Amino acid sequence: MKETRILTTKNDRHMKKVSPGKLVALLLFAFLQTVAFTQGKEITGNVTDIEGNTLPGVSIQIKGTTQGTITDFDGNYVIIVPGNATLAYSFVGFLSQEFPVGDQTTINVILKEDIMELDEIVVVGYGTTKKSDLTGAMSSLGEEDFNAGSGGSPEQMIQGRVAGVEITSNNGEPGAGASITVRGASTFRSGAQPLYVIDGIPMDMQNVSPDGPSQGGIGSTATNPLSFLNPDDIESIDILKDASAAAIYGSRGANGVIIVTTKKGKEGTTAINYSFEGSMSQLPKKLDVLTADEWRTIRTDTLGMTEYDYGASTDWQDQVFRTAWGTSHNLALSGGNSSTNYRTSFGYLDQEGIITNSDRKKYSARLSLSQKGLNERLNVESNLMMASEIFNRPAVGAAGYEGDLLLNALKANPTWPTEDAYGYPFQTGAANERVPTAMLAYHKDKTRTTYLMGGLAATLEITDGLFYKASLGMNYANANRFIDISQKLDYASGTKGVGEINNKEVWNYVTEHTLSYSKSFGASKVDLLAGYSYQDFQLRGNGTTGGGYATDGILYTNRLQAGLSSYSSIDSWADTYKMQSFFGRANYNYAEKYLLTFTLRADGSSKFGENNKYGYFPSAALAWRISQEEFIKSIDVISNLKLRAGWGQTGNAEIGTKNSRYLYAIDDGSRAIIGGQQIAGFKISRTPNPDISWETTTSANLGLDFGFFEGKISGSVDVFRKTTTDILLAIPAPAGSPTATVVRNIDSCSIVNDGLEINLMLYPVTVGDFNWNINANATFLSNIVNDLPAEYPTGRAAGQGLTDAYVQLITSGQPMNVFYGLQVDSISPEGDIFYLQTEPNEFGRTRDSLTYLGNPQPKFTWSITNTFTYQNFDLSFFIQGKHGNKIFNNTALLLDKTNVELSQNALSAFVYDEINYDLTTEVSDRYIEDGSYVRLSNATLGYTVNFDNVAWISRLRIYVSGSNLLLFTNYSGFDPDVNSNQDKDGIRSLGVDISSYPKARTIMAGVNVTF
């Protein structure tokens, strides 16, 4: 009972100093000892760190069992074990160790500090580095950090996980894309996304999906160009956020850089991994439109109308939405030896959408090989990935709102039946009344996309520390879209049906050569990199349309030529551009305390004018690892402290091609008779600008990385300013030019983003087998446009009488995409709206009641993840929030109370408000809403078993998970995480919601087993 006596003495002596948490741990320790003394062999010992400091609370577990104990305040422990036991020692911030008991009765253990987090290898441009050696601002996420859920693309996997990176879903359709801004928007132009680098291949973020139909008034939104990637193949995602980190990618780094690294084989025996996931998805909420009875009452009692009552009672949202099911299967084989590593994987995804007739199937396969030779001085790596996706898509989010399935379901007459007397989908016979069930039955839209991506790289160690690397990469996508609009549809009967086929091909070839050198000189270490890159992008597309079919017994797209030739059309297009680049980087490390990084890249692009073919993008950064200083090492509380500062310039080259050249287009109004036939003429459709160049973003960053209490508290704080100049815009062309506008760099204008980022990791509780950690981040951001010489409207509004109406403005002194329109001032007793009157501004607007209505960009975003583990169980909650942004609810505008007079449905909130039915629809703050929200994005419960003594299986994990579980918001639409593309002349829109495919609430269950 010697150990018990010592414990009692220590406890008595320090009773007043013991915290409640330590007291609980001590009582648990005493209880475990009492139980342990009843059987087996007694093992005693002490646990310290490498400097001899005792470690209280170290978990000591008998391997393969749930039995164990913890050390007391002096690091001592006692445990009763079987004779053949192995003891496992673990403690937060230290490397775990295992010791077989054997004949020992005393085991004293020295735990080494776990510096893996600081020495974690992260991927930077054209190489890797230790996390502790970083000088720029970047974030790195591993597989354990990704958002759970089947079918995710890279941006969906990191949504809400990274400070400074705002990801807004375009919609909730399977395979849909997202709008991403890194540290604020830095260009006016639409389509500005971060540069994605996948296994070293810079991607062109072209929309792979072919355009929607040119006929029939029905379309669909673009799919995600990165959806081909299998989430199960992704090892890590690294985000380069400031210019000092992203400048190595030069003219494509202004919007940030996202580096995706896929899994590779590792040395060891062959491992087989299989995972399965099943999911169920539903619509979280329906919009509150009138029921059939409410609609009849309003029509009869308020409006005195009794016609257009078809006698039924139909909830059209129930007819359009459904419970969706999904499954995914992934199989991977990996292994290798000292010279050869391999990994091959296969994936299958079958995912239904919550709107009927929407689904996605994906088949993927990937092979990764590496081979060493020449006495391990040569390493050859190859990757090959193939994927095929099939989308069936309803007409949701279409450019022409009259043909939108979801909008027609929301405004459909609730007294319409779903079927006619003969069992066919009901239709009214009017071309302007589109019944949702008929749209579902008689409209088909299928896209098949094939992807091929491959890379080959050889690295040769010429001499110690000097490496030459040559790489080749290729990315290819071929998409075919088939659209059939049956002549059975009332609104298509005049054309006797429409068939349309659209095709698109995208090629991306890249070759790169780098020379790197690493050398240590005493306390100094130098890393040098020089490189050359050449990239060739080619795009091609074509479309064919047919109409006027004599039968509906065939799919029109199977025989387009069966239609009347007078209604057929053919078009095709092609585009290409090239980039040539030279780049270099120098890193200097002195005594692991003082770090310097210098980068320079020169980019040449065929997109730009003869007078500005090349742009130069420098950066510099320094860091001071204060925690390595002797005067800090003596402070036990501080485990890591590093100060970072960086400056650099990057560019934006996403402006379209050949703006420096004349563009000719067919002029249907100019025809000549040649040989008895009419021949169309050509016209100049673009005025060239030989001086056109990149937009330039200059970024400054000051950051502090910290760690306290042996890593129990760690994180970083960054403040930054990002200023974009040389803005590219279409401005009035000089007199005598062939076109009205010309694309130019606006020297006087700037876009400024100022922000603060905070990342925090906490380990509040570590007691025995129970652990709780918290990972949180927050971003504060402001954005303003300065010295813009003109105003640019964007954000097209849709609705009756709103032709050429826009809801956003790019103007000086305001945030980018500020909402702009009428502001409701008062409502008369008769229900008339009076709008606020303001003075005309410097641009001399004729309507003096227009005013600024809010910012679509959030002022504050945050997320927090709580993870609990107990023995083999794990439980996590991921919550995220966005605050201070506005949304233009165009869907609500299209569902205002005037619909009821037109025998359509409307939102109940509008029908029962005080405004009269003589309302004229206007772009006003009546439809501007607060887009702030707090969301329980994910919760996951899992159980993991490791089989140490079973030959055929090593690990099994089962889990249940839910995404989009709870949403707290005042936004009246389906979901505030929305961004419909309503741009004007290439000027981006933001925060517009028009009939967007809603995000689903999904419950998943899965199993992951390793053999």
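## Strands, patches and salt bridges

Q: Which strands each supply at least two residues of the nonpolar patch?
A: In this predicted model, the nonpolar surface patch covers about 1,000 Å² and includes Y588, L596, W624 and L704 among its residues. L704, for instance, has its place in strand β32 and is partly exposed, with a relative accessible area of 31%. The strands that each supply at least two residues of the patch are β26, β27, β28 and β32 (695-708).

Q: Which strand gives the most to the nonpolar patch?
A: The patch takes in Y594, L596 and F598 among its members, and β27 spans residues 594-605. With three residues, the strand that gives the most to the nonpolar patch is β27.

Q: How many bridges join β26 to β27?
A: The two strands run antiparallel, and N589 stands opposite L595 in β27. They form a hairpin with three residues between the strands, where A591 takes a positive phi near 60°. The number of bridges that join β26 to β27 is twelve.

Q: Which residue of β26 does D536 stand opposite?
A: Strand β25 (residues 524-547) runs antiparallel to β26, and 22 bridges join the two. Within this pairing, the residue of β26 that D536 stands opposite is K578.

Q: Are K593 and E629 buried or exposed?
A: The side chains of K593 and E629 meet in a salt bridge, with a distance of 3.6 Å from N to O. This pair links distant parts of the chain, since K593 is in the loop between β26 (569-590) and β27 (594-605) whereas E629 is in the loop between β28 (614-625) and α10 (630-633), 36 residues apart. As for their accessibility, both K593 and E629 are buried.

Q: How many residues apart are E143 and K263?
A: E143 forms a salt bridge with K263, in which the closest N and O atoms are 2.9 Å apart. The pair links distant parts of the chain, with E143 in the loop between β10 (138-142) and α4 (154-157) and K263 in the loop between β16 (257-262) and β17 (268-282), and the separation in residues is 120.

Q: Is D464 buried or exposed?
A: The side chains of D464 and R377 meet in a salt bridge of 3.6 Å, N to O. The pair links distant parts of the chain, with D464 in the loop between β22 (443-463) and β23 (466-485) and R377 in the loop between β20 (359-373) and β21 (378-392), 87 residues apart. While R377 is partly exposed at a relative accessible area of 33%, D464 has a relative accessibility of 58% and so counts as exposed.

Q: How many salt bridges does a search of the whole structure find?
A: Salt bridges also occur as a network, one that links K642, R644, D705 and D718. For the whole structure, the number of salt bridges found by the search is 32.

Q: Why is strand β11 largely enclosed by the rest of the structure, and how many of its five residues are buried?
A: Strand β11 (residues 165-169) pairs with strand β12 (residues 178-182) in the antiparallel sense, over five bridges, and E166 stands opposite T181 in β12. The strand is largely enclosed because, of its five residues, the number buried is four.

Q: What is the relative accessible area of D832?
A: D832 is found in the loop between β41 (824-827) and β42 (833-835), and together with E830, E901 and D918 forms a negative surface patch. D832 is classed as partly exposed because its relative accessible area is 35%.

How values were computed: Residues numbered from 1 in each chain as written. Predicted model: local features only at pLDDT ≥ 70, side-chain atom pairs only at ≥ 80, totals over all residues. Heavy atoms only, no water. Buried < 20%, exposed > 50% of the residue type's maximum accessible area, 1.4 Å probe, protein only. Pairing = 2+ DSSP bridges. Patch = residues over 30% accessible without salt bridge, like charges linked within 9 Å, V, L, I, M, F, W, Y side chains within 5 Å. Areas by Shrake-Rupley, 256 points an atom, 1.4 Å probe, with all protein chains shown as cover. Salt bridge = Lys/Arg side-chain N within 4 Å of Asp/Glu carboxyl O. Lys, Arg positive; Asp, Glu negative; His and termini not counted. Charge placed at Lys NZ, Arg CZ, Asp CG, Glu CD.
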